[in-house]
Amino acid sequence: MAPLVPLFAPYCGGMAQQSDLLQALGSLAQGSWQGARQLEGGRTHPYRLEWQGESAPLEMLRCQLLFPALPELVYRFSLPSHQLVLWLVQSEGDDLPQAFWRWLLLGQSMAGEA
């Protein structure tokens, strides 16, 4: 994954977060990420994010977000590889950052997040 760091660093906060970036690039190579969304009352909602595509910053990834407890609920979307890596770098424990959820659920722009 180390050879990919200089390619993704300009989109993901530079080299200051190199260890987080390496971890995110490892997840990118795996093609999936397990998470749990925190809900009110301390409950969690497990999910799995899967993707397919090339591991280059500007290449588009085809993604799907699955919820094991709700198999009929599937979100499908495409986004640039660097955006997914940025959100993986910014993950908060076992959850993706608020910026991801705002983009997915509210349609807020990704502009200015890199």
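The exercises below work through the helices and the sheet of a predicted model.

The model is predicted, local features need pLDDT of at least 70, side-chain atom pairs count only at pLDDT 80 or more, and totals for chains, interfaces and linings use all residues. Residues are numbered from 1 along each chain as its sequence is written, and side-chain values use heavy atoms, with hydrogens and water left out.

**Exercise 1. Confidence**

State the mean pLDDT of the protein chain and find where confidence is lowest and highest.

Solution. With pLDDT being the predictor's confidence in each residue, from 0 to 100, the protein chain has a mean of 90, and 96% of its residues reach 70 or more. Confidence is lowest in H1, at a mean of 90, and highest in S3, at 97; such helices (H or I, at least four residues) and strands (E, at least two) are DSSP runs, numbered from the N terminus.

**Exercise 2. The two sides of H2**

Determine which residues of H2 are buried and where they lie around the axis.

Solution. Step one is the span: H2, residues 18-30, has 13 residues and reaches 19 Å from its first C-alpha to its last, close to the 18 Å expected at 1.5 Å a residue, the expected span being 1.5 Å times one less than the number of residues. Step two is burial, where buried means under 20% relative accessible area, exposed over 50%, and partly exposed in between (1.4 Å probe, protein chains only): the buried residues of H2 are Leu21, Ala24, Leu25, Ser27 and Leu28. Because they cover an arc of only 155° around the axis, they are on the same side of H2, the arc being that of the directions from the helix axis to the C-beta atoms. Step three is the opposite face, turned away from the buried side, which carries the exposed residues Ser19, Gln23, Ala29 and Gln30.

**Exercise 3. The sheet and its helix**

Describe the order of the strands and how H2 packs on the sheet.

Solution. Four strands form an open sheet in the order S1-S2-S3-S4, with antiparallel pairing, where two strands pair if DSSP finds at least two bridges between them. The edge strands are S1 and S4 (74-80), each pairing on one side only. H2 packs on the sheet, touching S1, S2 and S3, and its direction makes about 115° with that of S1; contact means heavy atoms within 4.5 Å, while axes are lines fitted to C-alpha atoms, for helices over the stretch in contact, and angles run from 0 to 180 degrees between N-to-C directions.
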